[in-house]
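Please go through this structure with me, starting from the fold and ending at the side chains. Keep the sequence and the 3D view open while reading.

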Amino acid sequence: MKTSVRCLLLALMISSGAAAARSTSSVPEFVGIRPWINSVPLHLSDLRGKVVLVDFWAYSCINCIHTTPHVEHLYETYKDKGLVVIGVHSPEFDIEKNLGNVRDAVKRLGITYPVAVDNNLATWNAWHNEYWPAEYLIDQNGQLIGHHYGEGDYPRMENAIRLLLGLDLLHDNGASGKPVSDAAGAAEKKGR
């Protein structure tokens, strides 16, 4: 059963155009994080049994700003169902290392999930990340299931999370660019 779910999940992520791991692999811990915003320090080893979405972002990255509402949607929708979302703020420019600016951006963008401040890019480098934004999906066993770089494919990421959480898949063609539940809710309001 686990193998078939993992295969379906990988197929879902691959069919989306999202980059997916060829096989599952363990993920590195968060390193060099000072401080954490919206949370006490977290360790991936303590999150076994949870589905984890790690989102690398920077507050002046326009693509990151565009993806933030979708990441927040996932957090708010699934945090009570077993999803943990962790934003890793990894600065591209020196001004983004200012903690006051990061805190202001978290507040301005309405981010309520935990944010790890990675000013020296220690976690970024440990993960071999190269992109803003970059999302990494980790299963309940602490294995990397797949990743997605950039904007888009929001319904597919949401369905990958739902699959790992044992929830029914949502159906939307993704054309709206909105979270799946928003698109579904809009369709219901229109009487479709």
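**Overall fold**

This is a predicted model. The chain has 192 residues, and 46% of them are buried. Its secondary structure comes to 6 helices and 7 strands. Read from the N terminus, the elements follow the order α-β-β-β-α-β-α-β-α-β-β-α-α. Contacts across the sequence can be counted too. Take the contacts in the chain with a separation of 6 or more: 75% of them join residues 24 or more positions apart.

**The sheet**

The 7 strands form an open sheet with mixed pairing. Across the sheet the order is S1-S7-S6-S3-S4-S5-S2. Strand S1 (25-26) and strand S2 (36-37) are the edge strands, since each pairs on one side only. Helix H2, residues 62-78, packs on this sheet. H2 touches strand S3 (51-57), strand S4 (83-89) and S6. The direction of H2 makes about 155° with that of S4.

Now take S7 and its two neighbours. Strand S6 (residues 134-138) and strand S7 (residues 143-149) run antiparallel and are joined by 5 bridges. Leucine 137 has glycine 146 in S7 as its bridge partner. Isoleucine 138 is partnered by leucine 144 in S7. S6 and S7 form a hairpin, with 4 residues between the two strands. Glycine 142 sits in the turn and has a positive phi of about 80°. The other neighbour is S1, which pairs with S7 in the antiparallel sense over 2 bridges. Here serine 26 has glutamine 143 in S7 as its bridge partner. How much of S7 is covered? Of its 7 residues, 6 are buried, so S7 is mostly covered.

**Helix H5**

Helix H5 covers residues 154-165, 12 residues in total.

The buried residues include the charged Glu158 and Arg162. Also buried are Tyr154, Pro155, Met157, Asn159, Ala160, Ile161, Leu163, Leu164 and Leu165. Arginine 156 in this stretch is partly exposed, at 33% relative accessibility. After H5 comes glycine 166, with a positive phi near 80°.

**Salt bridges**

How many salt bridges does a search of the whole structure find? It finds 3.

| Lysine 79 | Glutamate 76 | 3.2 Å |

Glutamate 76 is partly exposed at 38% relative accessibility, and lysine 79 is partly exposed at 32%. Lysine 97 is partly exposed as well, with a relative accessible area of 37%. The cut-off for exposed is over 50%. In the last pair, arginine 156 is partly exposed at 33%. Aspartate 153 is partly exposed too, at 22% relative accessibility. Buried would require a value under 20%.

**Cysteines**

How many disulfides does the structure hold? The count is 0. A disulfide is a covalent bond between the sulfur atoms of two cysteines. Burial is a separate point. Cysteine 61 is buried, with a relative accessible area of 10%. Cysteine 64 is buried as well, at 1% relative accessibility.

**In brief**

The fold is built on an open sheet of 7 strands with mixed pairing. H2 packs on that sheet. The side-chain search gives 3 salt bridges and the disulfide count is 0.

Definitions and conventions:
Residues are numbered from 1 along each chain as its sequence is written. This is a predicted model: local features need pLDDT of at least 70, side-chain atom pairs count only at pLDDT 80 or more; totals for chains, interfaces and linings use all residues. Side-chain values use heavy atoms; hydrogens and water are left out. A salt bridge is a side-chain nitrogen of Lys or Arg within 4 Å of a carboxyl oxygen of Asp or Glu. Buried means under 20% relative accessible area, exposed over 50%, partly exposed in between (1.4 Å probe, protein chains only). A disulfide is a pair of cysteine sulfur atoms within 2.5 Å. The expected span of a helix is 1.5 Å times one less than its number of residues. Two strands pair if DSSP finds at least two bridges between them. Contact means heavy atoms within 4.5 Å. Axes are lines fitted to C-alpha atoms, for helices over the stretch in contact, and angles run from 0 to 180 degrees between N-to-C directions.
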